[in-house]
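Hi everyone, thanks for coming. Let me put the model up, and then we can walk through a few parts of it together.

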Amino acid sequence: MLLFSILMCMVLYSSSAEKSCPGIGNDVFEDLMDVMMKLKCQSGQSNNGELQLKKPAFLATLSKSVNLGQNHVLKFDSIKTNIGDGYDASSGVFTAPRKGTYEFAVNFITSNKDEWLELDLIKNNTMVVRGHAAFDKFTSGSLQAILELKKGDRIYINHPRGSGLLHGEHYTMFSGHYI
């Protein structure tokens, strides 16, 4: 309990120091909060779900099939989960609400055309990994990545080719979570 009290004082000091010392940022505050929550959980104390730092997570799907053009950013319009409000369906972009390690996955199905399809996972305008679906109707593709992100980093899914057609009806999905 004494250690928890000391850490609480450090958090309060760092949050007030941020105003007077421009070199101390929110990262210090977030790190201290993470340590405090781990210590509190290890000591057996519970706060009945209040004031706990929730781990950001999202799952979004395509409700309708989508015609894709070159460098088309996919906008997964049906949000199933959005803990931390990091995913924005209107832009198709996940913005990391806190720094840390995240895992992302995309599963997709081509539509009723004989064509192959590629999708890229993009971090801050740089391609990280690519998923591919074979040349046939209704074939599946996937991609997955584990990334170290800073608060504010942007992750989205891009179609790099000239054209393509993705099957909707919630078969195509994009998810990510803090690990």
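So, in what sense do S8 and strand S9 pair, and over how many bridges? They pair in the antiparallel sense, over eight bridges, with S9 covering residues 126-136; pairing here requires at least two DSSP bridges between the strands. Strands are DSSP E runs of at least two residues, numbered from the N terminus. Leu121 has Val129 as its bridge partner in S9. Two residues sit between the strands of this hairpin, and Asn124 takes a positive phi near 50° there.

A word on the basis: this is a predicted model, where local features need pLDDT of at least 70, side-chain atom pairs need 80 or more, and totals for chains, interfaces and linings use all residues. Residues are numbered from 1 along each chain as its sequence is written, and side-chain values use heavy atoms, leaving out hydrogens and water.

pLDDT is the predictor's confidence in each residue, from 0 to 100. The chain's mean is 83, with 71% of residues at 70 or more. Over residues 42-46, though, pLDDT stays under 50.

Now Ser142, which lies in strand S10. Why is Ser142 called partly exposed? Because its relative accessibility is 44%, and that class runs between buried, under 20%, and exposed, over 50% (1.4 Å probe, protein chains only). Asn107 is 35 residues away in sequence, yet the C-alpha to C-alpha distance is 4.4 Å. Leaving out residues up to four places away in sequence, Ser142 touches Val106, Asn107, Phe108, Gly131 and His132, with contact meaning heavy atoms within 4.5 Å.

Technical notes. Helices (H or I, at least four residues) and strands (E, at least two) are DSSP runs, numbered from the N terminus.
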